[in-house]
Structure formats: structure tokens, C-alpha cells
Amino acid sequence: MSSPQWLDDLLGVSAPTEGASVTAHGHKITTVAGIPRSAEFVSAAQEQTRETFGFKWAKRDTFEGSVADHMRNWLVQKYGDVPHAPWFFKDHGPNPIILDAGCGAALSGIALFGPVMDRVRYLGVDVSTAVDVAKKRFEERGWHAGFIQSDLNQIPVKERSVDIVFSEGVLHHTDDTFKALEAVTKHVKHGGRVIFYVYRKKGPVREYTDDYIRDKLQKMTPEEGWKAMEPLSELGKILGDLNIEIDIKNKIDLLEIPAGKINLQRFFYWHVLKAFYRPEMTLDEMNHINFDWYAPKNARRHTVEEVRGWCKTLNLEIEHEFAEEAGISVIARLK
């Protein structure tokens, strides 16, 4: 199937036929299995991240069911029902171009924009072979879209050419979160929007545990890491199934633990280690979410103040901000 005309317009050249190469905006791209792919160099850390996510997103049975339902609910909680927001089609026209920067298998893209996917021009870009999974998932739904395999810092499309950049939980998986945000923002038209989520810094014990486990997993293959995560996921299930509430009478300033009642599993989750739990999910589905957190070498955490500073520097006006323990979600408009 040939690439859509709008994608050729973004590339500035016709997407190459299978096995052929062209240069688009200074980047050489070659089409393999129907997807234009960039051969740009990525750092060693990004190479590990690329391999990790390629492995994870190929395990479709671990995210197609309850995880996808959870994702839809979580995204709406964080951003609101974006495609039905008054500004969505009013500001960006009847067929807005959405650049999903770091689309993975398009879990988040489909979850948030699925209700209007027949009215938007969706371009999924990912550094890993997860784009192949995303493309297949779109084809199964009868949706037309464009896909590119590329480092999001070097996406081979025109600057100021897309209406919306969506980057859900991806920017922090690069060598420099701010530079990644700056790179994707260059592709947004003035008046366009950047919708993104980054991890938030947590208390000292949780931060230490996160780095300790992440370092352990770097010495393993993705398959070994997935297996090593299973006992941790089992612990999360044990704690969750207990359904016990504890009452912390006084705030523990030394460990940044607030006072108040909290479920025991959530206490461990926020203050000791990420051991995800949802009663409706299988152990494999919970392991998928825990692996997603711990396996990538690049997984930076930030503060609300940092994110606000980035937006100010990039001339992004924050229209919506949702800060929770897990991370910071932003909808910002480029002035």
C-alpha cells in the first residue's frame, strides 16, 4: 500500500517504495515492510531502550485487554476527553494531523484518539520495531495512517507541519527530556498543541529502589528481565489482594511520606517500589506495566517546576496541567 499523500507532503518527498531509499529533510529513510525507517545513530542508552520496547510491544496478549481499557480511562482522567474537547476540530480543522511521537504499539494513541480516528491524519513514530505492531493494529481496525521508524529527536518531517504532537510517557525515555520536547515541538504549527506526559520524581526510597532495579535489569536480555520482574508483580498482586488499609498518623518528613489512610499496596507502590495492581488484570498484564517502568535504561523523572520551565522556554502556553504521584500531564499551545 502506498503512503498517504499527506505523509509525502510532510516528508517533502514521496515515501520510497519497498527496499528503496530517499533523503527527507536531511535524513536518509528506507522503506522496509511498508514503513519508512531512519538509519540515524542513537546513543547506547537509546539502543537499549529501543530493544526493550520492541520486545515489550510484541507481547500483544499482555496489553490488548484490561491494560487497554485501563489506559483509556487513565488518559481521560489526565487530559480530559481530548478529541471531543471544544477546541479539537474548531482550532485544528476537520482532519487534523496528529504526530504520535513515540507511539509504541499505539496503545495510548488508539485509546485516546480511537473515537475519531476516521477523521484525523495519524502519524505514528517510534524508535523501535513497535511501529510494525502499531501498523498491524491499525490495519486490523480498517484505519488508514502513516508510520515511521525514527528517533523522535530526528523525525524526518517538516517543521511547523502538524497540528498536534502527542507524546505519552516517551520523552523521559531519551537521553535528555527537555531536548526531546524541544525536538518534537519544532514540528507543531503555531497555534498547535503539544500533549505530553513525563514521570514525576518521588520519595527517596522509591527513587532508590527504581534505580537499583533498573540497573539490575540492564545486565539482562529483555526476556530475562521480563522473567525477573514476575516475582515483583506477584508481590504487587499479593499486597493488592489483601486489600488492607493502614493509617499513618504523622507525616514522615525524612522519607517524604504524607500522613493519612492509604491502601497497603498503594503505600508500597508510591513509597517503596512500583508493583502495579489491578484486580481485573492478569499477572502478565501487570508484569507488562512493571516491565515498562523498570526495563528501559533511560527513564528520567522530573518536577512540576521543571516542566513549567521547559514550556516557558519553548513558548508553549500551558492550558491544562495534571500532576499526580506518577507523573505530570500537560496540554500546551504553541504561541
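Biologist: In which loop does His25 lie?

Modeller: This is a predicted model, and in it His25 lies in the loop that runs between β1 (21-24) and β2 (27-32).

Biologist: What makes the phi of His25 worth a remark?

Modeller: Most residues other than glycine have a negative phi. His25 is a residue other than glycine, and yet its phi is positive, near 50°.

Biologist: Where does Asn243 lie, and what is its phi?

Modeller: Asn243 sits in the loop between α9 (222-242) and β9 (245-248), and although Asn243 is not a glycine, its phi is positive, about 55°.

Biologist: How do you know whether Asn243 is buried or exposed?

Modeller: Its relative accessible area is 59%, and since exposed means over 50%, Asn243 counts as exposed.

Biologist: Let us turn to the helices. Which residues of helix α12 are buried?

Modeller: In α12, which spans residues 304-313, the buried residues are Val304, Val307, Trp310 and Cys311.

Biologist: What makes you say that these residues line one face of the helix?

Modeller: Looking down the axis of α12, the buried residues fall within an arc of 125°, so they line one face of the helix. An α-helix has 3.6 residues a turn, so residues three or four places apart point the same way.

Biologist: What do the buried residues of α12 pack against, and which residues are exposed on the other side?

Modeller: The buried residues pack against α7 (177-185), β8 (188-199), β11 (316-323) and β12 (327-334), while Glu305, Lys312 and Thr313 are exposed on the other side of α12. Just after this helix, Asn315 takes a positive phi of about 65°.

Biologist: Why is Glu305 called exposed?

Modeller: Glu305 has a relative accessibility of 57%, and because the name exposed requires a value over 50%, Glu305 counts as exposed. The C-alpha atoms of Glu305 and Val205, which are 100 residues apart along the chain, are separated by 22 Å.

Biologist: Which residues are buried in helix α6, and how do you know that they share a side?

Modeller: In α6 (residues 130-140), Ala130, Val131, Val133, Ala134, Arg137 and Phe138 are buried. They cover an arc of only 155° around the axis, and therefore they lie on the same side of α6. The helix is followed by Gly142, whose phi is positive, near 75°.

Biologist: Why is Ile213 called buried, and what does Ile213 contact?

Modeller: Ile213, found in helix α8 (residues 204-217), has a relative accessible area of 14%, and because buried means under 20%, Ile213 is given that name. Leaving aside neighbours within four places in sequence, Ile213 is in contact with Met229, Leu232 and Tyr294. Ile213 and Ala295 are 82 residues apart in sequence, but their C-alpha atoms are 8.5 Å apart in space.

Biologist: What makes Gly191 buried, and which residues does Gly191 touch?

Modeller: Gly191 is found in strand β8, and its relative accessible area is 19%, so with buried set at under 20%, Gly191 counts as buried. Not counting residues up to four places away in sequence, Gly191 touches His92, Arg333 and Leu334. The C-alpha atoms of Gly191 and Lys202, eleven residues apart in sequence, lie 33 Å apart in space.

Biologist: Now the chain as a whole: how many helices and strands are there, and why is the chain called as compact as a globular protein of its length?

Modeller: The protein chain has twelve helices and twelve strands. Its radius of gyration is 20 Å, which is close to the 20 Å that the globule rule gives for 335 residues, and therefore the chain is as compact as a globular protein of that length. Of these 335 residues, 56% count as buried.

Methods:
Residues numbered from 1 in each chain as written. Predicted model: local features only at pLDDT ≥ 70, side-chain atom pairs only at ≥ 80, totals over all residues. Heavy atoms only, no water. Helix = DSSP H or I, 4+ residues; strand = E, 2+ residues; numbered from the N terminus. Buried < 20%, exposed > 50% of the residue type's maximum accessible area, 1.4 Å probe, protein only. Contact = heavy atoms within 4.5 Å. Arc of directions from axis to C-beta. Rg over C-alpha atoms; globule rule 2.2 N^0.38 Å.
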